[in-house]
Amino acid sequence: MPPIAAFTETAPISATPDTTSHAVAAEARAGLTAHPRTLSPWLFYDEAGSHLFEQITQLPEYYLTRTERGILTAHADEILQQAANGDKDKQTLTLIELGAGTAAKTGVLLAAAVRRQGSVVYQPVDVSETALAVASRNIQANFPGVTVRCQVADYTREALPLDRLPNLRTLALYIGSSIGNFSPADAKSLLSNVRAQLLPGDKLLLGTDLGPSPQKSIDTLLAAYNDAAGTTAAFNRNVLTRLNRDLGADFDTDAFTHKAVWNPIHSRIEMHLESTRHQRVHIPANSAGPALTLTFEPGETIHTENSYKFTAAAIEALLAPAAFATTRIWHDPQHLFAVTLATAI
Ligand code: AVI
């Protein structure tokens, strides 16, 4: 198989709706004046945050990326075969990937598609033109037989720009556990949007992290979001650095502690930033409104991210309202992570 070492994991930037300074200002104003205070996770992914996320994916505690890659590597041929409706059906697949970034996660599936059908058309969709340019360059260099058709789009807001090829079965990829960062309602509308662009019989491959089980402790989950090296803490705090830079705010980033909490009611890891003392933070007037002074009490938090964790039943419940039937679920041997093939009905 061609090497994929040249690819680096990129931030799930496709979850970034709009990174203009007005969008940052509006998001900060709405979230920081709400109770409890929140900041949307898309704010994580400025240049520094994207770099920190890449480091997170390589941490020993952050099992998600390598575990999903292991599942895809172990089962790529079977996934492609099932996506094409089984052995006898030699139907040709075209692959489309939501939030592809640099397509670091996709090489193993593209290689399997080329093994199976000789060549494949791959349509990565992302908001970042730069990431797609890297994807295109890397794939063309490493995967002869793959034709890349990049689509710059925010699939979280717009209809998926599917360039359907006649008589080809589509396999849509949404891997990397990105669906876990959406609320159940937003996840449902995102999947419905994807489904609306597919035909019955087309497939979706979805990567989801799993919740606690007899094989997976809550501590394993918590460690993935609170690593010993402090990289996730730096990633979380970077959102305040971003507000200081983009909005001229005066957050003392050292006066906020990173917290990762397991919420069993919602089956999610939550990330928060907790104020260590009584403090005031100023945000100058901007396009979203007048100057703000925010008062934080010791222990008061800003909720910065949810990362939902699933069971097999929860995966089915996520897919069914969007008119997808679960076809097959693959796990790693430790049942940490799931890759689900679903059929558009
Ligand atoms: C991008 N997303 C799937 C990551 C996750 O695990 O929810 C974001 C992340 N947050 C902290 N660590 C990683």
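Student: Which residue forms a salt bridge with Asp246?
Tutor: This is a predicted model, in which local features need pLDDT of at least 70 and side-chain atom pairs count only at pLDDT 80 or more, while totals for chains, interfaces and linings use all residues. Residues are numbered from 1 along each chain as its sequence is written, and side-chain values use heavy atoms, with hydrogens and water left out. A salt bridge is a side-chain nitrogen of Lys or Arg within 4 Å of a carboxyl oxygen of Asp or Glu. Here the closest N and O atoms are 3.1 Å apart, and the partner of Asp246 is Arg242.

Student: Is Arg242 buried or exposed?
Tutor: Buried means under 20% relative accessible area, exposed over 50%, and partly exposed in between, using a 1.4 Å probe and protein chains only. Asp246, at 27%, counts as partly exposed. Arg242 has a relative accessibility of 5%, so this residue counts as buried.

Student: Which residues are linked in a network of salt bridges?
Tutor: Besides the pair of Asp246 and Arg242, the side chains of Asp46 and Arg245 meet in a salt bridge, with 3.2 Å from N to O. This second pair links distant parts of the chain, 199 residues apart. The network consists of Asp46, Arg242, Arg245 and Asp246.

Student: How far does a polar side-chain atom of Tyr62 lie from an oxygen atom of the ligand?
Tutor: Tyr62 is among the residues that come nearest to the ligand, of the 14 around it, where being near means having a heavy atom within 4 Å. The distance from the polar side-chain atom of Tyr62 to the ligand oxygen is 2.5 Å.

Methods. Polar contact = N/O pair within 3.5 Å; in protein donor to acceptor, adjacent residues only side chain to side chain. Helix = DSSP H or I, 4+ residues; strand = E, 2+ residues; numbered from the N terminus.
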